[in-house]
Structures are given as C-alpha cells and as structure tokens.
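Have a look at the structure first, then read on.

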Amino acid sequence: MNVADSQRVGSSLEHLGYTFTEKAEEADVIVLNTCVVRQSAEDKALGRLSSLLPLKRQNPNLVINLMGCLVGVRGAEKLRQRLPYVDVFSPPSDPGPLVSFLSQGEIRTLESDETTRRFAMMDDDLILPQHERGRLVSAHVPIVYGCSHACTFCIIPFRRGAERSRPVGDIVAEIRSLAAQGVREVTLLGQIVDRYGKDIPDGPNLAALLRVVHDAQGAEGIERIRFLTSHPKYFTEDLMDTIAELPKVMPHIEVPIQAGDDEVLLNMKRGYNQKEYRDLIEKIRNKISDCSIATDIIVGFPGETEQQFMETYRVLSDLKLDVAHLARYSSREGTVATRRMDDNVTDEEKMRRFRMLEELQEEIVAEINTKYLGQTVEVLFEEKVKNRWKGRTPTNKLVFVESDEDLKGQILPVNVIWTGPWSMQANLQKQPELISV
Ligand code: SF4
C-alpha cells in the first residue's frame with residue numbers, strides 16, 4: 001500500500017513540475033512515507049527522519065514531508081511539536097497536504113525561474129526508484145482504503161482510518177492509464193480486499209470488480225490481475241468461482257490465518273476458528289486448480305501458551321501453504337491487546353517460535369517447488385538483476401532466467417531447471433517476441 005501511495009505522490013509532484021532524484025541531498029522536497037505496523041518499523045522511520053535533519057539545517061528551504069501511518073488520520077498536533085523541522089504532515093494515501101503546501105507560492109517560484117525542482121521519495125529504508133512511466137511492468141492499485149475490522153493487535157485501523165472503497169470508475173480509469181503506460185500486471189489492494197464494495201450501497205463486490213477490470217476496454221494490455229490481502233471470513237465461493245473462470249486473474253491468494261489456536265484467534269478478534277480456515281483452504285483448492293496460497297502468522301501473541309503455539313505449527317504443517325509471512329507479536333500503543341492483555345511471551349520465546357515456523361515453512365516450500373522441476377510455466381519478466389532476468393509465475397513464484405535479450409514486460413514460457421525454497425531457475429523455451437512496453 002505504501003509503494004502505491006508513494007507512486008501517487010510522485011505522480012502528483014511530477015504534475016507540479018518536479019522531477020525525481022535518487023539523492024536526498026539534491027532534493028528540494030523529500031517525502032518520507034512511513035509504516036508503523038511493528039515497533040521496529042516505527043523506530044526505523046523515526047531514525048530515518050532524524051537523519052534528514054542535517055540536510056534541513058544546510059538548506060532551510062528544503063521541504064520535508066512526513067507521510068503515512070506515523071502521521072495517521074487523526075491529525076498530527078503532537079508530532080508537529082516533536083518534529084518542528086517537518087514542514088508537511090500527510091495521512092496515509094493522501095498527497096493533498098503536500099500538493100497544497102507546494103502550490104502556495106512554490107509553484108510560482110518554479111515557473112518564474114528556470115531551475116529544475118527535484119523531489120526524493122523515501123520509505124523506511126530506501127529511496128524508491130523513479131516513478132518511471134512506460135517502464136513499470138507491475139503496479140499496485142488501492143481499491144479499499146483503511147480497515148474497520150479492529151483485530152486486537154493491529155494499529156492499522158487507528159492510522160489508516162475506517163474502510164472506504166473507491167468507486168469502480170476511478171479504479172478502471174487508473175488501470176486504463178497504467179495499461180497505456182505499458183503496465184502488464186495490476187495488484188488490487190485493500191487491508192481486507194475481499195470486503196471491497198461493502199461500504200457502498202448496492203456497490204459491486206470484489207468478484208464483480210474483477211470482472212469489470214478483466215474486460216475493461218482500453219485496459220487490454222493488462223494481462224495479469226492479482227489482489228491482496230483477503231480475510232478468511234469474507235472470501236466467498238462466488239469469488240473463488242470468478243478467479244477460476246477469468247484467465248487474467250492469477251491463481252494466487254493471500255489469506256492470513258494469524259494463529260492456529262481457537263482461543264488465540266478469539267483473543268485476536270479475527271472472526272473465524274481453525275476449522276473454518278482449514279475448510280476455506282480446502283474449498284479454494286477444490287475450486288481453483290493449481291492455486292498457490294500465502295498466509296500471515298503472528299507468534300507470541302499475549303498469553304499464547306506452548307500448546308497454543310503448537311496448534312499453529314500443526315496447521316501450517318498440515319496445510320502446506322506456499323508462503324507464510326511470519327511476525328513476532330509487537331505491542332502497539334492504543335490497541336486492545338496493548339491496553340488489556342499482558343505481553344507475557346518473552347522475546348527469546350517469540351524468536352524460538354518464529355524460527356520453528358521458519359524452518360518448517362522452508363521445508364514445505366522446498367517440497368512444493370520441486371513439483372515445478374521440468375515443468376513449463378509462463379513467466380512475466382519484470383527486471384534484470386545482475387545478469388539474470390527476474391519474473392513471476394501465475395502462482396507468484398520467483399523465477400530467474402539468463403538471457404541477453406530484453407525480456408522486460410514479456411510473458412514467456414520457460415522450462416524450470418532448478419528449484420529452491422525461495423526461487424527457481426529456468427531456461428527460455430522460445431525467443432522473445434518484440435513487445436513494446
Ligand atoms: S483485518 Fe485486522 S490485521 Fe488486517 S488491517 Fe484490519 S485490523 Fe489490521
């Protein structure tokens with residue numbers, strides 16, 4: 001979501017006449033887009049922000065914009081006092097405050113002198129690559145902002161606000177524009193993406209939106225459609241049927257379980273139990289052939305006993321999912337878990353549980369991926385990393401191919417010759433056709 005937000009800010013700044021620079025020292029405007037999902041992310045964002053202070057001292061005209069979940073949707077009064085060198089505070093997904101700040105005088109300066117104004121986009125640990133029109137293969141499109149679910153551990157509803165679905169027309173217009181710029185794959189984003197449309201009276205649901213995007217005139221160049229993140233409670237059979245039916249919708253589902261034990265799930269207020277999650281995975285696998293499934297898991301939630309953790313281990317071991325994004329529980333101020341529960345699993349124990357799941361998942365994925373050995377799969381190539389082209393299969397597996405040709409943006413059949421837990425190597429099956437992107 002932050003990458004998508006950053007691209008929108010970059011695009012807004014380009015409309016104002018600014019150009020992108022990778023060097024913060026050269027920038028007239030620096031946007032630091034932040035994540036606070038865990039304490040470590042928040043610490044990193046604040047550390048990065050303080051590293052900009054010397055630049056502001058050298059150049060008092062430098063505009064520093066702090067954006068994202070560190071600011072949140074509820075105003076930034078406290079932050080303003082604490083961080084007086086920050087000029088503009090922007091909530092997540094909203095370039096508005098920066099655009100209006102720069103439009104009050106800055107633009108006249110820009111038009112009246114000939115110098116080029118530059119901006120730098122930064123997230124927590126790197127400067128994002130330039131917003132390269134015509135060169136982006138895959139793009140993220142937010143379709144639902146915020147979240148109204150309020151899982152007890154999660155800070156996101158406090159920082160990103162209540163759930164708001166974007167109108168279909170806006171989404172399709174954005175996808176058309178991305179297609180015109182040569183984008184070949186879009187990922188529709190929402191904190192609970194399968195709740196799309198629930199806040200719009202008589203609005204379309206995600207399945208209906210996928211159909212519209214799939215067949216949208218002017219977006220024919222989009223060959224692959226993905227979406228994330230789903231919530232187990234809202235993943236309907238209608239949605240499964242739609243994915244199975246529409247060839248451009250990729251068979252890859254991100255649907256977090258978070259914990260395997262029913263009492264922990266209840267304490268997390270997730271809204272389902274282990275059996276319901278298992279049943280969902282079975283249904284998805286029955287309805288969508290060769291579907292890969294990713295999950296998220298938090299270990300060391302307040303009160304999680306060894307026995308309860310082993311329930312999570314058992315589910316992961318039984319279900320054999322393609323990806324498990326693992327996290328150690330991190331207390332976030334203001335959440336129900338922090339206010340009412342005791343963060344009583346030690347850091348060492350959280351790490352032990354994390355490592356156990358990590359090792360288990362590595363074995364599972366290595367085994368799943370060996371099934372690709374000798375198979376032909378279609379890969380959408382994104383970029384060249386060192387001397388190898390990097391791309392993804394429909395199931396979102398990472399594939400590397402050695403080739404001197406320009407494969408960027410092409411979807412080509414490849415033969416898988418090596419598999420590991422995190423990536424595969426393959427050979428091109430045929431010479432690439434020339435497709436301009
Ligand atoms: S569904 Fe739960 S974990 Fe996901 S963003 Fe909403 S509150 Fe957070």
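Predicted model: local features only at pLDDT ≥ 70, side-chain atom pairs only at ≥ 80, totals over all residues.

- Three strands make up an open sheet in the order β11-β12-β13, and the pairing is parallel.
- The edge spots go to β11 (252-254) and β13 (323-328); each has a single partner strand, so one side of each is left without a neighbour in the sheet.
- On average, neighbouring strands here are turned by 15° against each other, ignoring direction.
- β11 and β12 (residues 292-299) run parallel and are joined by three bridges.

- α15 (residues 347-370) lies across β12 and β13.
- Relative to β13, α15 runs at about 170°.

**Helix on helix**
- α13 (residues 306-319) also meets α15: their axes come within 10 Å and cross at roughly 15°.
- Angles under 35 degrees count as roughly parallel, so α13 is roughly parallel to α15.
- As for handedness, the α13/α15 crossing is right-handed.
- On the α13 side, the contact is made by E306, F309, M310, T312, Y313, L316 and S317.
- α15 brings E349, R352, R353, M356, L357, L360, Q361 and I364 to that contact.
- Sorted by class, the contact of α13 with α15 has eight nonpolar, three polar and four charged residues.

Notes:
Residues numbered from 1 in each chain as written. Heavy atoms only, no water. Pairing = 2+ DSSP bridges. Helix = DSSP H or I, 4+ residues; strand = E, 2+ residues; numbered from the N terminus. Axes fitted to C-alpha atoms, helices over the stretch in contact; angles between N-to-C directions. Contact = heavy atoms within 4.5 Å. Parallel < 35°, antiparallel > 145°, perpendicular 65-115°, else oblique. Left-handed = near helix turned anticlockwise from the far one by under 90°. Nonpolar A, V, L, I, M, F, W, Y, C, P; charged D, E, K, R; others polar.
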